[in-house]
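Reader: Can you walk me through this one? I'd like to start with what the terms mean.

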Amino acid sequence: MLLKTEKLCKTFGGLRAVNNVDFHIDTGEVVAIIGPNGSGKTTFFNVVSGIMPATSGRIIFKDEDVTKVEAHDITRRGMARTFQNIRLFPNLTARDNLIVGRYSRGRSGLWDGLIHSARLKEEERRNEEMARELLEFVGLTPYRNLMAKNLPYGAQRRLEIARALASEPELILLDEPAAGMNPREVDELLKLIARLKERGLTILLIEHQMRLVMNIAERVVVFDHGEKIAEGRPHEVRHNPKVVEAYIGPEVDSLVKHRRH
Ligand SMILES: Nc1ncnc2c1ncn2[C@@H]1O[C@H](COP(=O)(O)OP(=O)(O)OP(=O)(O)O)[C@@H](O)[C@H]1O
């Protein structure tokens, strides 16, 4: 088991945004979290990735209790994430966005910087190499010297995934990666996620677009009002009465809210 939560809770005042969630994901799995708007999915990501402290419960990552570990340390331990809204550095080039993403992995300290040591030069060379490889991997080589803000929307989202990969994660959390994408961009994203899996990554995603979920997820976990109300294979889950009720209707597909950001 790569990641596990035990009775995880996050409250905001009187609101139980995440309520007693027992969750796990195994190495190599692709798991999707679905649920109506406001059901606690992003808050779950925020707590698991160390951005927000848990109110109670435990988070175990690679057999270690990381419940109180901070976000940068979680990244260093091998978990990376993307956000619902694009968080690139708009005025940096595609390439430089990746080099910045590499920062958490850096070994050279201030002293190295001052004397521009061989170690730092070696690290710079490796960062260049990594940026080249990641841009190639996500199909953005032609855009490498363009500022992030000038990239087409789908390309910006792929660059975010590449930036998360720059920290060399074992587990990647993707928060609505297809939000705002057109069908062609969603197809490209599907292919990219399949290649992430081939690369050996474990993938946990929040997604509203059922086409993507049905195509890529091996297991689906359903949240409602902060609680995990169902889980199973995609086709089992969509017919689960509790899930249908959470979405208030007979067809999950047609009723899942598809928001554009
Ligand atoms: N920082 C915060 N402070 C107070 N309340 C918050 C905070 N973050 C989230 N919430 C509340 O927690 C609940 C869960 O929100 P969350 O964003 O986790 O849901 P979600 O399932 O990701 O929704 P969506 O699909 O709309 O992104 C909501 O009622 C939301 O208003």
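Author: Buried means under 20% relative accessible area, exposed means over 50%, and partly exposed is in between, with a 1.4 Å probe and protein chains only. Helices (H or I, at least four residues) and strands (E, at least two) are DSSP runs, numbered from the N terminus.

Reader: And the ground rules?

Author: This is a predicted model, where local features need pLDDT of at least 70, side-chain atom pairs count only at pLDDT 80 or more, and totals for chains, interfaces and linings use all residues. Residues are numbered from 1 along each chain as its sequence is written, and side-chain values use heavy atoms, with hydrogens and water left out.

Reader: Which residues of α1 are buried?

Author: K41, T43, F44, F45, N46, V47 and V48. That makes seven of the eight residues in α1, so by the under 20% cut-off the helix is mostly covered.

Reader: What follows α1?

Author: G50 does, and its phi is positive, near 80°.

Reader: Switching to the ligand. Which residues come nearest?

Author: G38, K41, T42, T43 and Q84, out of 16 residues around it. A residue counts as near if one of its heavy atoms lies within 4 Å.

Reader: Which element gives the most to that shell?

Author: α1, with three residues. Both β2 (15–25) and α1 (41–48) supply at least two.

Reader: How does the shell divide into nonpolar, polar and charged?

Author: Five nonpolar, eight polar and three charged. Ala, Val, Leu, Ile, Met, Phe, Trp, Tyr, Cys and Pro count as nonpolar, Asp, Glu, Lys and Arg as charged, and the others, Gly among them, as polar.

Reader: What about polar contacts to it?

Author: A polar contact is a pair of N or O atoms within 3.5 Å; within protein, one must be able to donate a hydrogen and the other to accept it, and residues adjacent in sequence count only if both atoms are side-chain atoms. A polar backbone atom of S39 sits 3.0 Å from a ligand oxygen. For G40, a backbone N or O atom is 3.0 Å from a ligand oxygen. H208 uses a polar side-chain atom, 3.2 Å from an oxygen of the ligand.

Reader: How much of the ligand does the protein cover?

Author: 65% of the 630 Å² of accessible area that the ligand has on its own. Accessible areas come from the Shrake-Rupley method with a 1.4 Å probe; for residues, only the protein chains shown count as cover.

Reader: How many salt bridges?

Author: The count is 23. The rule is a side-chain nitrogen of Lys or Arg within 4 Å of a carboxyl oxygen of Asp or Glu.

Reader: Which residues does D73 pair with?

Author: R76, with the closest N and O atoms 2.6 Å apart, and R77, at 3.6 Å. D73 and R76 both lie in helix α2 (residues 71–76), three residues apart, about one turn.

Reader: Is D73 buried or exposed?

Author: Buried, at 17% relative accessibility. R76 is partly exposed at 46%, and R77 is partly exposed at 22%.

Reader: Which residues are linked in a network of salt bridges?

Author: K4, E6, R58 and D65. Between K4 and E6 the closest N and O atoms are 3.2 Å apart.

Reader: Last one. Where is T93 found?

Author: In the loop between β6 (79–81) and α3 (94–101). T93 is buried, at 18%. Its side chain reaches the backbone nitrogen of D96 at 3.0 Å.
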